[in-house]
Amino acid sequence: MGVRGLKYIILACNIVFFAVLALALPLGFEENDDVMMAMIANGTYSGAPDFHLVYINVLYGWVLALLYSITTAVEWYTVAFAALHIVSMSVLAYCILTMENRARWERVLWLVVLYVLWVRIIVALQFTTTAGLVCLAGCALLLRESAKSRWSGVAMVVIAALIRFMAAGLVGLLMAPIIVFTYRLNWRKYIAIVVMLTSVVACRVVNHAVYDHEPDWKYYRAYNQLRAQLNDNPNAYKMTVSHLPEGIDPMDYQLLLRFVPDAEQIDLPAMRQLSAKVGAVPFKEQMKNVHRLDKYAVEMAILLALLVMMILTTGNRSKFIFLLIYTSFILVLIVHVSLDGFLKNRVFLCMLLPMLFTDFMLLPNTTGLKRRWGIGIALAVLSGWYVYQITEEHTSADYNRYTWTHLQQPLLEHVPEDGFVTTIGTSMMIEATNPWHIWPYRFRRYALGWLTWCPLNKPLGHSYRTLLRDDMYILTDVNYVHAHTALQRVSEQIEKHYGVPTEIVWKCRNGKYALVQLKVKN
């Protein structure tokens, strides 16, 4: 079979594989971030397709908005991700199958692990892992001898950086050592790397320039970046009243950490003060966050065992030294991320993929029986562990889908056509929406969290007073203590800051959720 024939066969198989999974699972998003960005792109959120996707580069957003302006019959946001997944996995599978000096069993084993991880990613589709997968495929092409492959790799890495710059940067950072190890001093190969980095930086500059050009978007972008840093930083949750900057109400701060900020009380200057305070937490206190890595204990133990076996069995001194340094680098990086951030599963997956691909590239050329058994068992255990995670994610997705379809959507039908809806202290399971057809609301969702102060929410304003509008409805979990408490605290803060006593009016409810409004007390 020719090389070209193999490419087409792999591509066709991956199209079928993805289609079967999308129908059998069925496909869904991990969190509401992707749904909200899709709603911005397709015009559901603001009334017209828009390229300000917040976390995704405006250049990528502009292409999506253009496609949606042509037709909204296709959910381009999801279709684009599906296409990128299929192409990326086809590239990776091809690179593994055509790898020289690798036994057939090794290639098959690594492909099995790769496809198990792909299924894990598909079960909880997300823009971060999509960017990581595309970047890994691009880096794999950069390792090929063909100049055409390397330039294709440049294009894929740039696309990955458009989708999620930090995810692409993380994968690129973990793949950089193996790229340098392979290129060595062949300066001609580095030309593609220089062009790639220049293109990524240029796209980043364009993104900043577009947001900075409009004052509202510039303010929002700065505000949201600081808010995200606080919400994703475990040190922020350790702040006591005595540590808060002067003038910041402790309850406003607690509500901010619950993704319900009053942007009028905690504005951009206040966010900067809070960020500085959290950033000044002593290193000794930051080290206490490392224990949160215990959730990845199984994966890390398997990876370390795999790396140790490879280090002990390699007969190449340069590979031996490289593996030692690479292993130490990974451990330091994982610990560093946990010091002032939550190492989320999607980020860990973005780290796991390049680590495994690097392991495959550096496999010893000898084929001893002990190495076969050791590496085979390690990868089999890793695959089994992620198969278990896939079943858990699928069960969770089914629950979310049921909640959204049978409990939340029927309540939302009571919202008037020109009404607004938000959530406090709970999550609307909008991520359970069919990703091939983002449900077109009859009403507009007024989101807090990362869309606080977003220009697309105008003219609603940016304070809790917006929640007192007659056309504003709040979806809440009636059985979740923290949700009810958060709603009550919001009511108290409105009276405290704005002198308006309020009461919670229950509009309709079922056994689990309720639709309520905040009304001014007579």
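Predicted model: local features only at pLDDT ≥ 70, side-chain atom pairs only at ≥ 80, totals over all residues.
Residues are numbered from 1 along each chain as its sequence is written, and side-chain values use heavy atoms, with hydrogens and water left out.

Back to the pair, then. Helix α14 covers residues 297-313 and helix α15 covers residues 317-339, and they pack at an angle of about 165 degrees with their axes 9 Å apart; the axes are lines fitted to C-alpha atoms, for helices over the stretch in contact, and angles run from 0 to 180 degrees between N-to-C directions. The two helices are therefore roughly antiparallel to each other, a term used for angles over 145 degrees, with those under 35 counting as roughly parallel, 65 to 115 as roughly perpendicular and the rest as oblique. On the α14 side the residues are Met-300, Leu-304, Leu-307, Met-310 and Ile-311, and they meet Phe-320, Leu-323, Leu-324, Thr-327, Leu-331 and Ile-334 of α15, contact meaning heavy atoms within 4.5 Å. By class, this contact has 10 nonpolar residues, 1 polar and no charged, where Ala, Val, Leu, Ile, Met, Phe, Trp, Tyr, Cys and Pro count as nonpolar, Asp, Glu, Lys and Arg as charged, and the others, Gly among them, as polar.

A second pair is α7 (residues 147-163) with α8 (residues 165-183), which pack at an angle of about 155 degrees with their axes 8 Å apart. These helices, too, are therefore roughly antiparallel to each other, and α7 passes α8 in a left-handed crossing. Here Arg-150, Ala-160, Ala-161 and Ile-163 of α7 meet Phe-165, Ala-168 and Tyr-183 of α8, and the residues of this contact divide into 6 nonpolar, no polar and 1 charged.

Let me now step back to the whole chain. The secondary structure comes to 18 helices and 5 strands, the helices being DSSP runs of H or I with at least four residues and the strands runs of E with at least two, numbered from the N terminus. The radius of gyration is 25 Å, close to the 24 Å that the globule rule gives for 522 residues, so the protein is as compact as a globular protein of that length; the radius is taken over C-alpha atoms, and the rule is 2.2 Å times the number of residues to the power 0.38. Along its principal axes the C-alpha trace spans about 80 × 55 × 45 Å. Of the 522 residues, 54% count as buried, that is, under 20% relative accessible area, with exposed meaning over 50% and partly exposed in between, for a 1.4 Å probe and protein chains only.

Which elements cover the buried residues of α2? Helix α2 (residues 32-42) is mostly covered, with 11 of its 11 residues buried, and what covers them includes α3 (58-70), α4 (76-97), α6 (127-142) and β2 (444-445). The helix is followed by Gly-43, whose phi is positive, near 95 degrees.

Asn-14 has its place in helix α1 (residues 3-24), is buried with a relative accessible area of 1%, and touches Ile-86, Met-89, Ser-90, Tyr-115 and Trp-118, not counting residues up to four places away in sequence. Ala-131 lies in helix α6 and is buried, with a relative accessible area of 0%; leaving aside neighbours within four places in sequence, Ala-131 is in contact with Ala-160, Ile-163, Arg-164 and Ala-167.

Between α1 and α2 lies Pro-26, and a cis peptide bond joins Leu-25 to Pro-26, with omega about -20 degrees. Val-54, in the loop between α2 and α3, has a phi near 70 degrees, a positive value in a residue other than glycine. Is Val-54 buried or exposed? Val-54 is buried, with a relative accessible area of 17%. Phe-259, in the loop between α11 (250-257) and α12 (268-279), also has a positive phi, of about 65 degrees, although it is not a glycine, and Phe-259 is partly exposed at a relative accessible area of 41%.

Definitions and conventions: Left-handed = near helix turned anticlockwise from the far one by under 90°.
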